[in-house]
Each structure stands twice: as structure tokens, then as C-alpha cells.
Amino acid sequence: MATRTDGQLDPGDGQADGSAAPEFKPYHHPAAGWGAAKSVTEFMIGKEKEPILGPRAIVKMNHENGGFDCPGCAWPDSIKGIHLDICENGIKHVTWEMTHKRVGPEFFAAHTVRELATWSEFELENQGRLTEPMVYDPATDHYVPITWADAFETAGRALRELDDPNQASFYTSGRLGNEATFLYQLMARELGTNNLPDCSNMCHEASGRALQAALGTGKGTCDLEDWETADALFIMGVNAASNAPRMLTALAEADRRGAQIVHINPLVEAGATRTIIPHEFLQMATFHATKTSTLNLQPRIGGDFAVLRGIAKAVLEEARTDPKALDTEFIEHHTTGFDDYRAVVAATPWADLERQSALSEAEIRRAARVYRDADRSIISWCLGVTQHEHGVDTIREIVNLLLLRGNLGREGAGPSPVRGHSNVQGNRTCGIDHRPKPEFLDRLAQVCGIDPPRAHGLDTVATIEAMRAGRVKVFVGMGGNFALAAPDSAYTFDALRNCDMTIQVSTKLNRSHLVHGRAALILPCLGRTERDEQRGGLQETSVEDSMAMVHLSRGMKKPASPHLRSEPAIIAGIAKAALPGSTTPWDHFVEDYDRIRDTMAKVIDGFEDFNRRVRLPLGFRIKQPARELVFLTPSGKAEFSSAELPDLTQEAGTLTLATMRSHDQWNTTIYSDNDRYRGVKNLRTLVFMHEEDMRERGLALFDEVDITSFARDGSTRTLRRYQAIPYDIPRGCAAGYMPEMNVLCAIGDYSTQSDQPIMKNLTVRIERSG
């Protein structure tokens with residue numbers, strides 16, 4: 001339970017089952033393998049009781065011929081035609097969606113919102129699939145049934161009666177397909193607002209801004225073929241075994257061919273040691289594990305910039321005597337700003353690099369030797385790099401390092417961000433952007449016959465602030481669990497409750513349905529696994545993975561309820577009610593999604609001939625100009641950044657805390673209180689600490705502690721009676737689970753470079769509970 005300085009409580013602790021005693025035993029086994037197989041079997045057959053549909057779904061997931069895309073992570077599908085291109089978390093995610101449990105009118109009649117607000121996150125989602133639209137009745141504190149027609153009219157009236165369209169905000173999580181995404185942004189912009197916050201605002205906004213500034217593109221340049229030919233892979237701030245488990249296949253294959261793999265992360269995660277790939281049957285049968293790393297470096301939280309600057313410094317020092325250390329021809333022809341960058345690196349002392357990274361010069365030079373010896377290198381990163389004040393500068397430094405040796409525009413080399421949710425990159429490509437480019441708006445106006453607004457809209461943090469101030473009155477959440485995913489839980493809860501109306505499009509019950517506006521709608525939608533039948537027949541939706549591959553997804557299961565509607569159909573229903581004079585053919589679009597794709601092909605760069613290309617084997621890859629050494633930057637070249645090394649000095653007695661997911665969790669969906677790869681059972685309200693930091697505070701395993709964060713504005717937030725666990729993490733650092741710890745990140749604690757909440761850069765004090 002969390003308290004703010006004003007004493008207000010935040011309901012729900014996220015615990016799946018608080019009855020069993022907590023356990024901790026460090027994990028020393030390979031990632032995946034039989035542990036994953038056992039976990040999947042127990043979950044699929046024991047917990048969700050899906051002995052038939054579960055296995056059937058496995059062979060359809062991520063399959064190019066009539067299969068559906070995993071609704072979990074955005075790792076690309078195999079280019080080798082692997083039939084079982086799956087992972088433990090993906091199977092859990094799909095089985096969780098295919099549950100037989102239902103949440104219908106009878107459930108809501110039996111439980112008030114006040115009662116449900118006391119339930120844990122696990123208990124809420126574990127009730128099963130939502131079955132029909134519901135509207136909140138304030139007189140009884142219950143959700144009650146509403147017809148789709150009345151739901152659309154209720155939502156439409158709330159939007160069309162606003163004094164200003166900017167009093168609405170339209171959020172999306174990363175699971176929304178491309179076609180629904182395009183309709184969603186079209187509705188918002190036809191209404192007259194660019195208030196289109198998304199989960200990228202909290203995750204990879206820093207990546208997009210850094211890559212856009214450096215290379216003229218907001219995406220990475222690598223594909224899976226590059227991963228298969230790289231001589232060196234640098235994996236930064238990524239817990240591959242839990243967050244992108246299919247990456248383990250690429251890492252294992254890299255090790256077998258002799259590539260070097262360097263993991264840079266404060267925690268040595270299971271995926272950074274060894275793995276047994278479940279679809280490699282011989283390896284499973286013989287218990288033969290493959291290494292997934294050559295070197296593991298553990299910088300302090302936020303110390304990645306210093307590590308990268310140190311690697312660059314070592315390479316530049318070597319170039320004084322060995323001209324081959326740099327690709328001088330590439331630098332001269334394709335970059336700008338090199339001389340300034342070389343000067344700032346030379347002026348950065350090794351002592352500063354050691355202090356800011358918490359690594360020795362020798363450790364950094366070992367990584368530099370790997371980079372120097374490799375002809376082709378990829379640097380990949382995730383939220384461990386982005387959710388910091390200096391996330392943009394750190395990613396610019398990644399690009400700097402790649403440019404030094406010409407690791408761009410050729411096979412087996414380049415920047416490769418690891419996106420989280422399955423279509424978060426596609427959402428941005430297809431128009432979910434609160435800062436849209438004028439060229440996109442021009443084409444949207446020409447093709448769709450609307451007059452889209454030109455002023456920038458609100459991102460996630462700004463939307464929360466505007467709701468709390470009363471400037472945003474209607475909030476639409478397209479998927480996800482906004483109330484829990486956002487920072488500063490108490491502040492966000494207040495903001496949502498201050499809305500005139502909240503509208504949530506969801507598959508399952510979650511906290512965002514209980515933290516609602518004065519009026520509220522729950523609109524249940526089809527899941528990725530379910531058949532989407534429209535007037536034009538069985539429909540397919542497309543998604544874009546983290547390496548810019550676009551492919552189709554076709555559900556295979558009968559919908560959980562006959563009352564469910566597809567996301568395009570729900571968007572169209574709201575749009576027709578909100579925009580009664582619209583000339584957009586909303587019904588025409590929904591009848592056949594090919595019609596949406598034909599329109600998208602005229603508006604979105606790279607989507608030309610969309611319907612034909614998306615039906616090719618494996619779909620198609622969106623062209624990346626920077627991959628062809630075409631840089632859409634002001635200079636027309638790749639641009640070095642010369643940012644100064646940030647100062648990470650801590651105040652005495654404080655620690656830097658990072659939030660993260662457990663293994664048995666996907667975003668805000670919690671499957672259990674276990675974290676197998678970190679050796680934890682029956683506990684989520686915990687904090688990992690270095691044993692010396694624990695000893696200084698007189699703490700032992702499972703001792704209860706209070707964690708207080710210190711915001712920039714001087715306010716504090718406290719989580720009470722968490723349990724301390726000694727862990728292999730650098731001194732001065734701590735870590736624990738989101739969403740429970742999101743309360744510690746103040747609404748004003750966001751990066752001035754990316755506007756992202758700094759979820760992995762929190763200053764805290766940890767003291768024994770009184």
C-alpha cells in the first residue's frame with residue numbers, strides 16, 4: 001500500500017496470492033528450456049484449463065500462413081520458417097486471452113466498483129473476458145449493461161458537445177493493429193485534436209527522438225538477417241528472457257557461429273548467461289545449454305552513457321596509432337560533427353567514466369576490444385536505457401559509437417531498439433503521434449478530405465496533467481491499463497476521476513475500469529486470437545514488429561462473446577456518433593479492411609501497394625532511408641552528438657531505483673507472484689538491493705522496509721512494508737516491480753529530453769519499517 005505526503009492511499013497492491021510465504025533462491029539454470037516448458041504446461045492446463053485450444057494456438061501463433069501475431073512482444077517472426085516460433089510469455093499471453101472465464105452483466109451486478117477497487121490486479125484480470133458493453137451507474141456504484149447503439153451515442157455525444165476538441169485525449173496501448181490505429185487517429189484529427197498519447201511516450205520516446213536527430217529516422221535500421229550476420233552484439237538495458245524471449249534464439253545462434261555478445265545491464269539476467277531453446281528438440285532432450293553472452297558488464301543504474309563514452313574513448317585512443325580503428329572514409333563522406341565529438345571524448349577523463357559507470361577502466365576496455373575487433377556490430381537497447389533523464393543523449397552516444405566504425409548501412413550492423421508491445425512501432429507509423437509531421441498531415445488532408453489540426457497535441461504526462469486540471473474532459477483508452485501503466489499513481493487516479501467521461505476499450509477487467517470519470521463506458525473488443533467476421537468476410541489485421549516488418553494476423557478462435565466488436569468497428573461507431581456530418585466512409589471501411597489499407601497506402605510512406613505486399617510470405621519491410629545511407633537530417637548526413645557526460649552523483653544515504661517487470665508478468669498483467677529467473681516466489685512487494693547497502697541499514701532477507709522517493713519539486717512518495725532481498729546489483733542501486741512502484745515516480749519527474757517518466761532513475765531512501 002502506498003501513501004502520498006498528504007496521506008491519501010492508493011488501492012490495490014498487485015498481489016496475486018498473499019497467503020503463501022515468500023521464498024528466494026538465486027536462479028542458476030539456463031533461460032527457457034524445461035523450466036519454460038513446465039511453466040507453460042502448468043499455466044495452460046492447470047490454471048487456464050486449455051488442453052486443446054492452447055496447443056492449437058501455439059502452432060498458429062507467429063505463423064506466416066493464416067496464423068495470428070502474438071499479442072505480446074514485438075520481436076520479429078522467424079525468417080527461417082520455424083513452425084514453433086514461440087516463447088513462454090507469448091503462450092501465457094495467448095492462453096490468458098483464450099480463458100473460459102467471463103465477466104458479464106451478472107458479475108457487475110454482484111460487485112460494486114468500490115468493492116472491486118479493493119481487489120488486486122491479478123484478481124481483476126483473472127475474472128476473465130468482458131462480454132458486452134457496460135456503463136457506470138453512479139446511483140448504485142455498479143456497471144450496468146448498455147446496447148452498442150446507446151454506447152456509441154453516449155460516447156459520441158460527450159465528444160461532440162465539448163467546447164474545444166482539445167478537451168479530449170485519445171490514448172492507445174501497443175496492441176492495436178495498424179488498420180484500427182489509422183482509423184483512430186483519423187477520428188481524432190477529424191474531430192480536431194492531435195491529443196494522441198500512447199505507450200511510446202512512457203517507453204521508447206527517447207529512442208525515436210534520438211534516432212530522428214542523429215539519422216533522420218525514428219526507427220532502428222536492423223533486421224533479423226543483420227542479427228544473424230553480426231560479429232558482435234551489444235545488448236543494453238534488456239532483460240531478454242522475460243521481455244523479448246525469442247531474442248534468445250538469435251543470441252544462441254550468434255554464440256554458435258562465434259559472434260561476441262556483450263550484455264550491459266545493472267542486473268545479470270538469466271537471458272544473459274545460458275539458454276536452451278524449446279523448439280530445438282535435440283538440445284531439450286540432452287539438456288544442452290548454449291551461452292548467450294561473452295561478457296557481462298554491470299554499470300550503475302543510468303551509467304550506460306559513461307560505458308559507451310568509455311568504449312568510444314578507447315577506440316579513438318587506439319586510432320592514434322592504428323588508422324584502421326576508425327572508418328575514416330565513412331566518417332568523412334556520411335557524417336558531420338566528428339571533430340567536436342572527438343574533442344569532447346578526449347576531454348572526458350577515465351576517472352570520470354569509472355565513477356559515473358561504476359565500472360573499471362579495464363572492464364570498459366574489454367568491451368571496447370570486442371567492438372574494435374568486430375567488423376560488423378549491432379547495438380540493441382530497451383527501457384533500461386530510455387527511461388532516464390539523459391536517455392536521448394545515451395542513445396545518441398550509441399549512434400556515435402556505431403558511426404566511428406561505419407556500422408551503419410551494411411549487413412550485420414546498426415542500431416536496433418527492442419520495442420515492447422506487439423504493435424507499438426506500428427501505432428506510431430500509422431499516425432499515433434502527438435507531434436505529427438506536416439508532410440503526413442498534408443497527405444491525410446488530401447486523401448481523406450479532412451482539415452487536420454497542425455498544433456502539437458498532448459503526450460501521456462501532459463494528458464494526465466490536463467485531466468487533473470480540468471482541461472481534458474473526455475479520455476478514451478484504446479487497450480492497455482492506463483491507470484496502472486502511468487506514473488504517479490495517486491495523481492493519475494485523481495486525474496482520471498476528474499474527467500467528465502472515460503471510455504475504455506478492453507478485453508479484460510482492469511484497474512482503469514475502476515478509476516474512472518464521472519461517467520464511464522467499458523467497450524469490450526475482440527482479442528488478437530479471435531475471428532473477426534465483418535460484412536466482407538473474415539478480416540485480417542496487420543502489425544509492424546520492432547524491425548519494421550509488416551505482416552498480417554488472422555484470429556482462429558470463436559469470439560468469447562457474440563457481443564464483442566472489433567476495434568475498427570468500435571472506432572467507427574464512436575466516430576459516426578461524434579462526427580455526424582463526417583464524409584469519411586466509416587461503415588465502408590469496417591466492411592472490408594482492405595479498403596482501410598488502400599487508403600493507408602496513399603497516406604503513409606512505405607505502405608505503397610499495401611494490400612499486395614502484406615500478403616507476401618513474411619509480409620514486407622518498411623524502407624529505412626538511413627539503412628541506405630540516406631539521412632533525412634538538416635545536414636543530409638548522420639550527425640554526431642557532443643553531449644557532456646551526465647553527473648550521477650548521489651546524495652548520501654540515497655539509492656537510485658529502477659522499476660521493472662517480473663518474469664511472470666506482461667506489462668501490467670500479472671500472472672502470479674513469482675519471478676522464476678530472479679529466484680522469487682510468492683512475493684511482488686519487494687526491493688532488490690546490494691547486500692552491502694542492506695548491511696549498512698541493518699537489513700536481512702525479507703526484512704520490511706519503507707521506500708521513499710524524492711521528486712524534483714521536493715515532494716515525497718512512500719511505499720511501506722516492502723521486503724528487502726539481497727541481489728547482484730551495483731552498490732547504490734535498487735530495483736523493484738512496476739506497476740506497484742509507479743507510485744514513486746512523480747508526475748513532474750520526466751525527462752526534459754524525451755518527456756518520458758524517468759521510471760528507472762528514481763532517487764529513494766530505504767529504511768527499516770517502523
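## Working through a sheet and some salt bridges

In this predicted model, I264 sits opposite L297 of strand β14.

**Exercise 1.** Work out which strands stand at the edges of the open five-stranded sheet.

*Solution.* Start with the pairing around I264: strand β11 (residues 260-264) runs parallel to β14, and three bridges join them. Next, write down the strand order, which is β14-β11-β10-β16-β17, paired in parallel. Now read off the ends: β14 (295-297) and β17 (414-417) each have a single partner strand, so one side of each has no neighbour in the sheet. From one strand to the next, the twist averages 15°.

**Exercise 2.** Find out where in the chain R129 and E530 sit, and decide whether they are buried or exposed.

*Solution.* First check the contact: their side chains form a salt bridge, 2.9 Å from N to O. Then place the partners: R129 belongs to strand β6 (residues 129-130), while E530 is in the loop between β20 (519-524) and β21 (533-534), 401 residues apart. Last, accessibility: both are buried.

**Exercise 3.** Do likewise for E696 and R731.

*Solution.* The closest N and O atoms are 2.8 Å apart, a salt bridge. E696 lies in helix α30 (residues 691-696) and R731 in the loop between β33 (716-726) and β34 (733-737), so the pair ties together parts 35 residues apart in sequence. With a relative accessible area of 57%, E696 passes the 50% cut-off and is exposed; R731, at 40%, is partly exposed.

Definitions and conventions. Residues numbered from 1 in each chain as written. Predicted model: local features only at pLDDT ≥ 70, side-chain atom pairs only at ≥ 80, totals over all residues. Heavy atoms only, no water. Pairing = 2+ DSSP bridges. Helix = DSSP H or I, 4+ residues; strand = E, 2+ residues; numbered from the N terminus. Axes fitted to C-alpha atoms, helices over the stretch in contact; angles between N-to-C directions. Salt bridge = Lys/Arg side-chain N within 4 Å of Asp/Glu carboxyl O. Buried < 20%, exposed > 50% of the residue type's maximum accessible area, 1.4 Å probe, protein only.
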